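Please read the points below with the sequence and the model open side by side.

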Amino acid sequence: MVGGLLMTHGDDAGIRLPPNMAPVQVVVCATRSAPRACGARLDDDPDRTPGWKFNHWEMKGVPLRIEIGARDLESASCVLARRDRPGKQGKERGVALAPESLVPHVQTQLEEIQAALLEDATRFRDGNIVDVSSYAELRAAVDQGKWARGFWAGSDEEEVRVKEETGATLRCFPLDREQDRGVCFLTGQPQGQIALFAKAY
């Protein structure tokens with residue numbers, strides 16, 4: 001489960017945790033003493049720079065970061081930084097600190113992050129699955145680093161052959177297609193069921 005989560009939602013900066021799974025959904029990074037936010041982790045460590053704090057919580061995958069500095073306190077505002085959108089694209093400046101507006105805004109942001117991560121993962125998955133109807137097509141798909149989806153009615157021995165010749169193994173029988181039947185791409189048997197083959201990395 002952890003490996004699947006990392007492969008699905010990880011990036012070069014670490015893990016991107018979906019809010020519904022994150023043990024810490026929001027972290028408040030203060031560059032000076034700041035009020036605690038209900039339901040959030042406060043990082044007001046005076047021995048760490050803001051940059052260190054931002055990087056630390058990004059690597060941990062916390063979905064949303066609230067940044068509060070001296071100027072922000074003067075204007076009663078903060079900066080929201082979304083983990084799923086790196087750099088300036090994911091930052092929203094001048095967000096009011098008043099709880100009656102900040103709390104619902106944070107809740108909306110978490111819902112949007114959850115939906116965005118699901119959409120990204122689904123798009124990546126669907127873009128890397130190749131439907132195959134022959135062994136040659138499976139080999140070509142696997143050589144391209146894709147996942148091959150086709151009807152399978154092979155024996156255990158034939159599954160071992162596929163692994164030895166292509167490096168791909170039978171990963172799963174998709175539950176949403178378990179009633180589908182068709183011609184096995186390897187054996188030609190008519191009662192194959194949909195299966196996914198891919199290399200393990």
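1. Does Gln114 count as buried or partly exposed? Gln114 counts as partly exposed, at 24% relative accessibility; buried means under 20% relative accessible area, exposed over 50%, and partly exposed in between, with a 1.4 Å probe and protein chains only. Its place is in helix 4. Helices (H or I, at least four residues) and strands (E, at least two) are DSSP runs, numbered from the N terminus.

2. On the basis of these notes: this is a predicted model, in which local features need pLDDT of at least 70 and side-chain atom pairs count only at pLDDT 80 or more, while totals for chains, interfaces and linings use all residues. Residues are numbered from 1 along each chain as its sequence is written, and side-chain values use heavy atoms, with hydrogens and water left out.

3. Gln114 touches Pro18, Pro19 and Asn20, not counting residues up to four places away in sequence; contact means heavy atoms within 4.5 Å. The C-alpha atoms of Gln114 and Met21 are separated by 9.5 Å, although the two residues are 93 apart along the chain.

4. Helix 4 covers residues 99-127. At 1.5 Å a residue its 29 residues should span 42 Å, and the 41 Å between its end C-alpha atoms agrees with this. The expected span is 1.5 Å times one less than the number of residues.

5. The buried residues of helix 4 are Leu102, Val106, Gln109, Leu110, Ile113, Ala116, Leu117 and Ala121. An α-helix has 3.6 residues a turn, so residues three or four places apart point the same way. The partners that these buried residues pack against are helix 1, strand 1 (26-30), strand 3 (64-68), strand 4 (77-82) and strand 5 (91-96).

6. The largest pocket has a volume of about 1,100 Å³. Of the 32 residues that line this pocket, Thr8, Ala121, Phe124, Arg125 and Trp147 are the closest to its centre. On a 1 Å grid over the protein atoms alone, a pocket is an open set of points where a 1.4 Å probe fits, with protein on both sides within 12 Å along at least five of seven lines, and lining residues have an atom within 4 Å of a point. Grid points are joined across faces, edges and corners, and the volume is the space filled by probe spheres set on the points.

7. Which element gives the most to the lining of the largest pocket? Helix 4 does, with 10 residues. At least two residues each come from helix 1 (2-9), helix 4, strand 7 (147-152), strand 8 (168-172) and strand 10 (192-199). By class the lining has 15 nonpolar, 7 polar and 10 charged residues. Ala, Val, Leu, Ile, Met, Phe, Trp, Tyr, Cys and Pro count as nonpolar, Asp, Glu, Lys and Arg as charged, and the others, Gly among them, as polar.

8. Leu6 is found in helix 1 and is partly exposed, with a relative accessible area of 47%. Leu6 and Arg16 are 10 residues apart in sequence and 8.0 Å apart in space, C-alpha to C-alpha.

9. Ala76 deserves a check of the backbone. Its phi is near 55 degrees, a positive value in a residue other than glycine. Ala76 lies in the loop between helix 3 (70-74) and strand 4, and is partly exposed at 42% relative accessible area.

10. Gly167 sits in the loop between helix 6 (156-166) and strand 8. Its contacts, not counting residues up to four places away in sequence, are Val162, Ala198 and Lys199. The relative accessible area of Gly167 is 35%, which makes this glycine partly exposed.
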